[in-house]
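Here is a short report on charged side chains and their partners. Keep the sequence and the 3D view open as you read.

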Amino acid sequence: MPTTDPFSIFKDLGVISPEEIIHWLPHSLNVFYIENYIANKIYYPQTIPQTKEDLALELAILRVLLSKTTQFYSQKESKFIIPESVVNYFPSLSQVIWAYLDVYPAKGVIKVVTKNQKLHILGTVIVPEITKKEGLVELLVEKKKYSIKLGDLTVIPCLSSRCDINFFSENAKILGKNEEAIEVFGGNLGLVIDTRGKK
Amino acid sequence: MINSLKRTRIIKDSIEFVVRDLPGKPKILVQAGQQISPQDILAKTTINSGFRSINIATLLEVNPKDIKKYIKIEVAQKIFKGELLAFKPKSLFGFNKLVTSPTDGVLESINESTGEIRLSFLPRSENIPAAFYGFIEKVDPLRSKVWIKTCVTKVFGLCGSGRRREGVLKIIGKRSDLITKPKISSVLANHIIVGGALIYQQAIEASVGFGVSGIITGGINAKDFKAVAGGLTTVRKFGTDIGISILVTEGFGSLSIGEDIYSVFQKYDGRFAVVDGNRNEILIPSEDKDCILKVKSIHLPKEKLDAPEGINGLAVEALETGKTVRVVGPNFLGAEGKVLSIDKIKSKLPSGFVTYMATIETNTRKIKLPLLNLEIID
């Protein structure tokens, strides 16, 4: 106590519109509720959501705030940078990565890092190029086999600092190939594979 | 030991420098070092207290461009309350129609495109009472300000807007009431109204129109607050003012004024107070004349004369059973209660957050909430 305010790093919390947030919500919410929720969050930043609906609202706020800046995604270095306050706040890192993937046009193999004094690697996100939205991706991660349906977003644990993976799919490619063996970064997040295709 | 945030909401019997902004062109009658009582006169002043618009065309049922021929006084002429302002003789099947002046004033202008006239109120002389027990610390005739060292009860809001204004506290509803436009009327002019859980935009607009000095509300819709304050910020600000001072005590949405704060306003209902929205505070003079001894014995550094204060302080304090807390999280926001127990292990919430929980007892129920969503209050 007190917890870190996840949104303090963003400058726009007070000016985002409820309409922008509604776009990312899985359920309908009254505009007044959203506006007042944000305002209360500004004045009581230490608070946490109790319900799934309020968590979804905070993740929608995160999506809108991310969409207003490019400082947390480096296309050149193929890297997601997650502020430490965001990592420490949300109950699941995969929910945060989902927000990043919804907002940023990431492709290929993306390193995920968090930043406080220095960078810490949290894991890797793989966004294959989908040629046909049916079938499977076969993944061999540290000698364990995973079959992932195309169209899903899946998190695979990989706690060691580096993980060897073998990728195979008839309808998806990474690094331009249907079959590839690569070494990726592991960590608290592990390996996230996003086979949802174009958003 | 588990800590929680503690927010200062009320300070009783605080020795402070209070600034009195004297309206009009005052002749200041007090000097630095002088002891004062509430009934003493600080200054004599002449106040030009505004104007009133009257739509003569609507009242006489005539075309706006014709109103000049029915108005019975000239522009710049004085008129007293009840005197004939406009007259239209009866037509073939009609009646005489007349408009009398609702106030003492001067006809300032006639608008033939809208049919309205503007009556500016006659300047009036006023004695400005001291309103506080204390000592005059500083007099600034150029800026028409007097600093008084005095004893006050300070109530802090969560946020606010508007410059320092004075007025008489007037409770206009229960702490959970919704304040709508019909609750605002001209009798509330120069008052600081204490409302309920939510004040609507139309009620704020009506308050500005009727010359209300200030509004104290538990909650406000964020959209309305942004319109008044220019934005949402926790950073200290001094600039915003739309002609009224607003103090929001609890937060955004419909939120009853906290029992702790409401009980202070109930005690001082009908008394003079100073509200400063930009500094999130209201100052209420002490009624105890013996406080003058305390005022005399406590030294305040001169820097406090100009140093801005007033933002309610946050501190960290150990949360223990029996302490009074206020809910600041999304569920049950604004509820107040006593801590009955604090869990020794963390719980997982439906949202997925894993955190310590406390059971609190409010007036109506027992609820279990995350510690992070509670703040200790005095």
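## A pair in chain B

Glu317(B) is partly exposed, with a relative accessibility of 24%. The cut-off for buried is under 20%, so Glu317(B) at 24% does not count as buried. Its salt-bridge partner is Lys323(B). Their closest N and O atoms are 2.7 Å apart.

Some salt bridges share partners. One network of this kind joins Arg9(B), Glu250(B), Asp260(B), Arg326(B) and Glu336(B).

## The whole structure

This is a predicted model. Over all chains, a search of the whole structure finds 31 salt bridges. Why can such pairs form? Side chains of opposite charge can pair when their charged atoms come close.

## A link between two loops

Lys68(B) forms a salt bridge with Glu112(B). Here the closest N and O atoms are 3.9 Å apart. Lys68(B) sits in the loop between helix H1 (56–60) and strand E7 (78–79) of chain B. Glu112(B) sits in the loop between strand E10 (105–111) and strand E11 (116–121) of chain B. The pair therefore ties together parts that are 44 residues apart in sequence. Glu112(B) is partly exposed, and its relative accessible area is 35%.

Asp140(B) pairs with Arg143(B) in a salt bridge. The closest N and O atoms are 2.8 Å apart. Is Asp140(B) buried or exposed? Asp140(B) is buried, at 14% relative accessible area. Arg143(B) counts as partly exposed, at 48% relative accessibility.

Note on methods:
Residues numbered from 1 in each chain as written. Chains lettered and ligands numbered in written order. Predicted model: local features only at pLDDT ≥ 70, side-chain atom pairs only at ≥ 80, totals over all residues. Heavy atoms only, no water. Salt bridge = Lys/Arg side-chain N within 4 Å of Asp/Glu carboxyl O. Helix = DSSP H or I, 4+ residues; strand = E, 2+ residues; numbered from the N terminus. Buried < 20%, exposed > 50% of the residue type's maximum accessible area, 1.4 Å probe, protein only.
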